[in-house]
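Dear colleague,

I am passing on the structure below, together with some notes for a first reading. Please look at it before going through them.

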There are 2 protein chains.
Amino acid sequence: MSRPEAITPAKVRDAAPLFAALGDATRLGLLVSLCSGGPVSVTRLSATFEVSRQAITKHLEVLAEAGLVRSSRQGRERIWTFEPRRLDDAHHYLERLSRQWDDALGRLKAFVER
Amino acid sequence: MSRPEAITPAKVRDAAPLFAALGDATRLGLLVSLCSGGPVSVTRLSATFEVSRQAITKHLEVLAEAGLVRSSRQGRERIWTFEPRRLDDAHHYLERLSRQWDDALGRLKAFVER
DNA sequence: CAAAACCGCAACCAAAGGGTTGCACCATTC
DNA sequence: GAATGGTGCAACCCTTTGGTTGCGGTTTTG
């Protein structure tokens with residue numbers, strides 16, 4: 001049967017930078033903060049971490065590039081907000097991978113028991 | 001109420017290298033191949049990709065380090081197999097993040113409507 | 001046993017990543 | 001209007017990463 005949810009090379013190229021953005025402890029920590037704490041400014045965020053404010057800014061921009069975070073100016077501050085949609089994308093991608101594996105196992109089993 | 005599924009810094013440090021391993025198009029492609037095609041040798045795998053066999057080996061070792069893949073010698077070949085468990089870990093991690101966000105939204109809503 | 005196939009190891013290279021410091025620039029506040 | 005607080009930008013640094021080439025070693029195969 002056809003497999004409409006197959007993982008195309010295009011999807012691979014789309015998902016890779018998303019996972020890459022998640023692949024850093026500091027950035028994951030930032031996401032956790034933004035998830036549970038709500039919108040905050042950079043200096044407030046960087047107070048929790050052990051690296052400089054400028055480093056945190058760079059990380060936030062990487063997250064923004066991946067679509068995991070959004071920023072908006074508010075007076076002299078720049079407020080950063082979590083963006084849940086892209087996280088769902090990553091979620092779905094992993095699910096497709098798992099399903100592909102299960103399908104392969106199923107085919108293997110059917111072949112062996114034949 | 002207490003929150004036993006909270007994302008601790010330890011979990012962040014554990015999850016980061018896992019996502020980092022997923023954060024490369026070539027490695028994702030390798031995972032897709034191993035998921036759908038079953039156990040294969042390096043040279044067979046590298047035939048599909050545009051980089052050298054040695055580069056593919058490096059990628060596979062990164063995936064193995066992250067626990068996403070396993071290898072076993074078999075005669076003169078080294079056979080690589082997909083390992084689904086760590087993929088579930090990543091899956092669960094993303095789910096915890098989503099839930100944390102939903103909880104925060106719920107608290108915000110309760111606060112606003114108070 | 002000689003040739004071919006499969007792999008491991010090492011050296012090397014260019015580019016990207018994560019981090020820092022220093023300074024200039026608005027917006028607030030006193 | 002002067003000081004302060006929050007950012008932005010640029011230069012610079014070291015390490016990691018993704019990739020290559022070259023070569024030697026070990027199973028298969030003819």
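**Contacts with DNA strand C**

In this predicted model, a polar side-chain atom of Thr43(B) lies 2.3 Å from a phosphate oxygen of DNA strand C, a polar contact being a pair of N or O atoms within 3.5 Å.

The elements that give two or more residues to the surface near DNA strand C are helix H2 (25-37) and helix H4 (53-65) of chain A, together with helix H3 (42-48), helix H4 (53-65) and strand E3 (77-82) of chain B; helices (H or I, at least four residues) and strands (E, at least two) are DSSP runs numbered from the N terminus. The largest share, four residues, comes from H4(A).

In total, 19 residues surround DNA strand C, and Ser52(A), Lys58(A), His59(A), Thr43(B) and Arg78(B) are the closest, where near means that a heavy atom of the residue lies within 4 Å. Sugar and phosphate make up 57% of the atoms of DNA strand C that come within 4 Å of the protein.

Residues are numbered from 1 along each chain as its sequence is written, while chains are lettered from A and ligands numbered from 1 in the order in which they are written. Local features need pLDDT of at least 70, side-chain atom pairs count only at pLDDT 80 or more, and totals for chains, interfaces and linings use all residues, while side-chain values use heavy atoms, with hydrogens and water left out.

With best regards

Terms used
A polar contact is a pair of N or O atoms within 3.5 Å; within protein, one must be able to donate a hydrogen and the other to accept it, and residues adjacent in sequence count only if both atoms are side-chain atoms.
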